[in-house]
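User: Hi! I am new to protein structures and would like to learn how to read this one. Could we go through it together?

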Amino acid sequence: MPLTLEQYATYLDTRGLPWPAPPDVQPANAKPHLRTMRGVKAVVWNVYGTLLAIPLGELVFEHPQKLVMDVALDKTIDEFKMWGSMSRKPGRPSEYMKHLYDQELLLNKAATGGERFPEVLAERIWEGLIKKLFQKEYQFDAGFFGSLNEFSKKVAYFFHASLQGVAAEPNAATAMQLVADVGLQQGLLADGQCFTEVQLARSLKAQDSTLNLDAILPPKLRILSCEVRARKPSETIMRQAQLALAERGIRPEETLHVGSRIARDVIPARKIGFRTALYAGDRASLDATAEALKDPAQRPDALLIDLADVTKLLI
């Protein structure tokens, strides 16, 4: 039976492969503002830059450093034995693959479906690339990897793991357990890909092996941009979260959204009536100006330096 994506990630652990290190988290120069909020019944979290530390503060499809991008592409080509079905043009394999990758990325960005803030699906990019390789007799082990779609997800996971190292933000697991202990619902409201939940579960488990993420994070409250094909600050993804919470009897004013960006987390959450907390414990992901923090139309209800302080906001 083919491996699931989570099983594949565990299998890679046994290989001793080198991976880029997650960033050293550096708090921003900010003071916490822990305003208590009555009536909150659910906390919905942003992922990259809030629960997960990641270089550049967010998941990217193209790394600004050419060397990092080339290494990730070369590793992916070698891992999945793609070179034999690639054009033998002069230069490194990564150079030709980058050309193909850029073409697929542009094609996927163009397929907006009318959404103002469309999300690109990582597995679709690699599926398109693999289909090109099929023209030159490329093959993969379907018994191990699964269907083309499942294989593409595993390639996407491997490539992005080679591009950016991730780890749980300080006290992320503690914060989620504390929220669970006081009896509140929890969910995700974030830009993410097919592998995001795997990265999150593995990173939180590494921080706290006793954390049972499936018990405290219901699947129906995990709202990711890859599933709704819209990324923040799209109203589409925010409304999807609102609907999922409403099915559990939770109103917008009873929901606290924790994120690290004013424009992409706080403002769209405020528009649909969510309470908001800005996480300023990671300088790489924090996107907030002093002017925005003073503006009543933009500023969050609370500002966190330590995720574990989230329970101090709740009554």
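Analyst: Gladly! Let us begin with a term: contact means heavy atoms within 4.5 Å. Helices (H or I, at least four residues) and strands (E, at least two) are DSSP runs, numbered from the N terminus. This is a predicted model, where local features need pLDDT of at least 70, side-chain atom pairs count only at pLDDT 80 or more, and totals for chains, interfaces and linings use all residues. Residues are numbered from 1 along each chain as its sequence is written, and side-chain values use heavy atoms, with hydrogens and water left out.

User: What covers the buried residues of α12?

Analyst: Buried means under 20% relative accessible area, exposed over 50%, and partly exposed in between (1.4 Å probe, protein chains only). In helix α12, which runs over residues 262-271, the buried residues are Ile262, Asp265, Val266, Pro268 and Ala269. An α-helix has 3.6 residues a turn, so residues three or four places apart point the same way. The cover over the buried residues of α12 includes α11 (235-246), β6 (255-259), β7 (275-279) and α13 (290-294).

User: Which residue just after α12 takes a positive phi?

Analyst: Helix α12 ends at residue 271. Just after this helix, a positive phi of about 100° is taken by Gly273.

User: Is Leu17 buried or partly exposed?

Analyst: Leu17 sits in the loop between α1 (5-13) and β1 (42-45). Leaving aside neighbours within four places in sequence, Leu17 is in contact with Leu12, Glu79 and Phe158. Because its relative accessibility is 24%, Leu17 counts as partly exposed.

User: How far apart in space are Leu17 and Ser162?

Analyst: In sequence, Leu17 and Ser162 are 145 residues apart. In space, the C-alpha to C-alpha distance is 9.9 Å.

User: What radius of gyration does the protein chain have?

Analyst: The radius of gyration is taken over C-alpha atoms, and the globule rule is 2.2 Å times the number of residues to the power 0.38. For 315 residues, a compact globule would have a value near 20 Å. The protein chain agrees with this, as its radius of gyration is 20 Å.
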